[in-house]
Amino acid sequence: MSTPETFTLADLGLKLDTAADTEKHSSPLSSSFSHTDIQLNGNTFGPPACTHLAPLLSAQKDLHTINLADIFTSRLLAEIPPALSSLLTSLLPLQKLETIDLSDNAFGLNTQAPLVEFLRKHVPLRVLILNNNGLGPEAGANIADALSELAEKKAEARKEGKEVPSLETVVCGRNRLESGSMKAWSRCFQKNRDLRVVKMVQNGIRQPGIELLLREGLAGCERLEVLDLQDNTFTHVGAGALAEVVPGWKELRELGVGDSLLGRKGGMRMLCEALGKGQNERLRVLRLQYNEIDGRGVGMLHEVVKNGQLPQLRRVELNGNKFSEDDVRVEKLKVLLDERREEAGDEGGKGEWGMDEFSDLEEESEDEEEVSSEKEEEIEDEEEREAKAEDILRDAEEEEGMNVGLEQDKEVDALAEKLGKTDLIGQGTKT
């Protein structure tokens, strides 16, 4: 068994335009074909440079992990597809390649085709990392559909007696996926049910999309260990969906739903009731920052922890919510978590135990607490009206797009009929 080898040019800031430029740095790939980890991230490669690298990569039969993050900075959009195609096509034959990171590259509609093609075909894929790629809902849906097709190819390979890893990790954050791509992502998660890690932070997904994603997609991923959907919009709609499905994730260790308006209109109560069923005994980390959670919500969580339904919970993040740091309910939760740390005898690292620092709390007065539910209801109703209006507008735009061709055909027919009655040399209308 060969010793694992790493080839790295990570974060050198190289601008490699030609084969000659690349050859100066790629000689180790020519002299050794047993690399298991290749890191090209943090440089910029032109199409000729990628063409030069392609055969060197395809020769690395033991390759397990490749980092291609941020490799097209300063490149024209027209340069990216051929460059990306050269690299990804060279990786397809590598049957041990399970992990690929393509973050911080522009993969919108104009450039995503080579990536979609690769994801459809690379059966060994186990870990996919796509952060900050500017996908948008349409390209995002294409990626999800490709992963759905990949699941089918994995199943076919298993029927043929091949050992094939399941897709276990999908990281797709800061990509403007929005609610419009959630049907495709729900299908993707339905077909890739062995997922362990899903991170889709900061994607502009609103309540209907979150509800769809949770109920129709992630609900079936019973082996899920880490879910991070922070900085999307839950409100009580998403909170209700989360409360419905979270008891089914018995392996869940980390849940991130911060900055999602989860505390509105009983959302925190619904989540605590779901966690209180005692089905998430392995949950260790709960991220709930910036959710407009008040002291009552913290008190509900404390009761769940105190009653033993979350026996392994060790870390709760609550900064940016609406309570006083001196609130007795907050203090009780903090003491309980500190006691668990002492009992475990685990010093751990920073951020592994206890609560986060309260540097940005928004205290709520007693008067505000009395009227908060009324205000929340008004805000929630307005948000629901806006979401419905957006859905109606999107449907109308799609219908209009489908009808454009018909309208144009009618205009062309009318023009042809008019021209047929007219002498094109300019001698007037025929009689």
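Reader: What makes helices H8 and H9 roughly parallel to each other?

Author: In this predicted model, helix H8 (residues 235-245) and helix H9 (residues 267-275) pack at an angle of about 5°, with their axes 8 Å apart. Angles under 35 degrees count as roughly parallel, over 145 as roughly antiparallel, 65 to 115 as roughly perpendicular and the rest as oblique, and H8 and H9 are therefore called roughly parallel. The axes are lines fitted to C-alpha atoms, for helices over the stretch in contact, with angles from 0 to 180 degrees between N-to-C directions. As for the model itself, local features need pLDDT of at least 70 and side-chain atom pairs need pLDDT 80 or more, while totals for chains, interfaces and linings use all residues. Residues are numbered from 1 along each chain as its sequence is written, and side-chain values use heavy atoms, with hydrogens and water left out.

Reader: Which residues of H8 and H9 meet, and how many of them are nonpolar, polar or charged?

Author: His236, Ala239, Gly240, Leu242 and Ala243 in H8 meet Gly267, Met270, Leu271 and Ala274 in H9, where contact means heavy atoms within 4.5 Å. By class, this contact has 6 nonpolar, 3 polar and no charged residues; Ala, Val, Leu, Ile, Met, Phe, Trp, Tyr, Cys and Pro count as nonpolar, Asp, Glu, Lys and Arg as charged, and the others, Gly among them, as polar.

Reader: Why are H5 and H6 described as roughly parallel to each other?

Author: The axes of helix H5 and helix H6 (residues 182-191) come within 8 Å and cross at roughly 20°, and by the cut-off for angles H5 and H6 are therefore roughly parallel. Among the residues that meet are Gly140, Ala144, Leu147 and Ala151 in H5, and Trp185, Cys188 and Lys191 in H6. The residues of this contact divide into 8 nonpolar, 2 polar and 4 charged.

Reader: How do you know that cysteine 188 and cysteine 221 are too far apart for a bond?

Author: A disulfide is a pair of cysteine sulfur atoms within 2.5 Å. The sulfur of cysteine 188 is 8.5 Å from the closest cysteine sulfur, in cysteine 221, so this distance is too far for a bond. By this rule the count comes to 0 disulfides.

Reader: What makes cysteine 188 and cysteine 50 buried?

Author: Buried means under 20% relative accessible area, exposed over 50% and partly exposed in between, with a 1.4 Å probe and protein chains only. Cysteine 188 has a relative accessible area of 0%, so cysteine 188 is buried, and cysteine 50 is buried because its value is 0%. Of the 431 residues of the chain, 47% count as buried.

Reader: Why does arginine 315 count as buried, and what is arginine 315 in contact with?

Author: Arginine 315 has 9% relative accessibility and therefore counts as buried. Arginine 315 is found in strand E13 (residues 315-317), and, leaving aside its neighbours within four places in sequence, its contacts include Arg284, Leu286, Glu352, Trp353 and Asp356. Helices (H or I, at least four residues) and strands (E, at least two) are DSSP runs, numbered from the N terminus, and the chain comes to 12 helices and 14 strands.

Reader: Why does phenylalanine 33 count as partly exposed?

Author: The relative accessibility of phenylalanine 33 is 45%, so phenylalanine 33 counts as partly exposed. Phenylalanine 33 lies in the loop between helix H1 (19-31) and strand E3 (35-39), and beyond its neighbours within four places in sequence it is in contact with Ala59, Gln60 and Lys61. The C-alpha atoms of phenylalanine 33 and leucine 56 are separated by 8.3 Å, although these residues are 23 residues apart along the chain.

Reader: What makes glutamine 202 and proline 48 partly exposed?

Author: Glutamine 202, in the loop between strand E9 (197-199) and helix H7 (207-217), has 41% relative accessibility and therefore counts as partly exposed. Its contacts, leaving aside neighbours within four places in sequence, include Arg174, Asn175 and Gln230. Proline 48, found in helix H2 (residues 47-58), counts as partly exposed because its relative accessibility is 43%. With the neighbours within four places in sequence left aside, proline 48 is in contact with Asp17, Thr18 and Ala19.

Reader: What covers the buried residues of H4?

Author: In helix H4 (residues 113-121), Pro114, Leu115, Val116, Phe118 and Leu119 are buried, and what covers the buried residues of H4 includes helix H3 (80-91), strand E6 (99-101), strand E7 (127-129) and helix H5 (136-159).
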